[in-house]
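Trainee: Please pick one part of this chain and take me through it closely. I would like the cut-offs stated along the way.

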Amino acid sequence: MSVLVNKDSKIIVQGFTGGEGTFHATQMIEYGTNIVGGVTPGKGGQTHLDKPVFNSVKEAVDKVAADTSIIFVPPAFAADAMMEAAEAGIKIIICITEGIPVADMVKVQEYISKKECRLVGPNCPGVITSGEAKVGIMPGFVFKKGRVGVVSKSGTLTYEAADQVVKQGLGVSTAIGIGGDPIIGTTTKDAVELFMNDPETDAIVMIGEIGGQLEAEAARWIKADGNRKPVIGFIAGQTAPKGRTMGHAGAIVGGKDDTAQAKMDILRENGIYVVESPAEIGKKVAEVLKALA
């Protein structure tokens, strides 16, 4: 079993022939990801990176049985791309695009809520199942096969956490970059729940940041669920002044419960092992797993 994507996923790239799509699709193919084609309206019937190009997602689903899509489409058209994928029957939709208007994402969220699919992102680094499928923009060489799941709002800290875990002689089952926008498809709690139910994941690294309630919601769910697996948590933005936006559109501290310290306290109250620095993540994972062995 794996979380969201694996070696059998049939993946298409929306925005396939554009600069970003081409660059990252090349890297995904080199990693061994099962890219079965791509979509660029008006270029159907062509071949790109030795893969077929389709005019629509539905055509890709019909002709190559695509079940997963990664989106590299400009912000103005990204909402339509996500809804097109959902309408065509794609099960896992991963949107890398940043800068999508919030009003557009409200429409997307409402639309996909009626479809049998899962959206990851937007404004995220994607999803990687180590050694099987890289559906995103993360540096694949960092991720080694193992039994630690990673969920993170931050792309850079996703890679840092994976590197720290690998340096402890462990490895990563799947890493999910959920994105930091105000409206996203898969929340921290959603991702944690996937890992809790994955028999190939023994521990979870949960990385959050200031602003919003996603980490608190996940922490309370973890405790209510019985703390079935150890969760190691880190909250970025500990030195941020109140009210300051820190990189992500969603990282706005609206009140005392949104601060890094408040979130860290909530995590601890709900049985999560909290570290003060990302440099401590790997050591804490190894320490906790050893103690529980």
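**Helices, sheet and cores**

Mentor: Just after helix α2, A65 takes a positive phi of about 55°; helices (H or I, at least four residues) and strands (E, at least two) are DSSP runs, numbered from the N terminus. Residues are numbered from 1 along each chain as its sequence is written, and side-chain values use heavy atoms, with hydrogens and water left out. The model is predicted: local features need pLDDT of at least 70 and side-chain atom pairs count only at pLDDT 80 or more, while totals for chains, interfaces and linings use all residues.

Helix α2 covers residues 57-64, and its buried residues (buried is under 20% relative accessible area, exposed over 50%, partly exposed in between, with a 1.4 Å probe and protein chains only) are V57, E59, A60 and V61. They pack against β1 (11-14), β2 (35-39), β4 (51-54) and α3.

Helix α3 (residues 75-88) in turn packs with helix α4 (residues 102-112) at an angle of about 0°, their axes being 10 Å apart. Axes are lines fitted to C-alpha atoms, for helices over the stretch in contact, and angles run from 0 to 180 degrees between N-to-C directions. The angle therefore makes α3 roughly parallel to α4; under 35 degrees counts as roughly parallel, over 145 as roughly antiparallel, 65 to 115 as roughly perpendicular and the rest as oblique. On the α3 side the contact (heavy atoms within 4.5 Å) is made by P75, A79, M82, M83, A86 and E87, and on the α4 side by D104, M105, K107, V108, Y111 and I112. Nine of these residues are nonpolar, none polar and three charged; Ala, Val, Leu, Ile, Met, Phe, Trp, Tyr, Cys and Pro count as nonpolar, Asp, Glu, Lys and Arg as charged, and the others, Gly among them, as polar.

Next, the sheet. Seven strands form an open, mixed sheet in the order β9-β8-β11-β10-β12-β13-β14; two strands pair if DSSP finds at least two bridges between them. Strands β9 and β14 (273-274) are the edges, each with a single partner strand, so one side of each has no neighbour in the sheet. Strands β10 (residues 145-152) and β11 (residues 172-177) are parallel over five bridges, and V148 has V172 as its bridge partner in β11.

Helix α8 (residues 260-269) packs on the sheet, touching β12 (203-209), β13 (231-236) and β14, and its direction makes about 170° with that of β13. The cover over the buried residues of α8 includes β12, α7, β13 and β14. With α7, helix α8 packs at about 10°, the axes 9 Å apart, which means that the two are roughly parallel. Here E215, A216, A219, R220 and K223 of α7 meet K263, I266, L267 and E269 of α8; four of these residues are nonpolar, none polar and five charged.

Last, the cores, each a set of buried Ala, Val, Leu, Ile, Met, Phe, Trp, Tyr and Cys residues joined through side-chain atoms within 4.5 Å. The largest nonpolar core has 45 residues, and I70, I94, I176 and M206 have the most contacts inside it. Helix α7 (residues 214-224) gives this core its largest share, six residues. Another core, of 27 residues, lies apart from it and includes I71, A85, A88 and I100.
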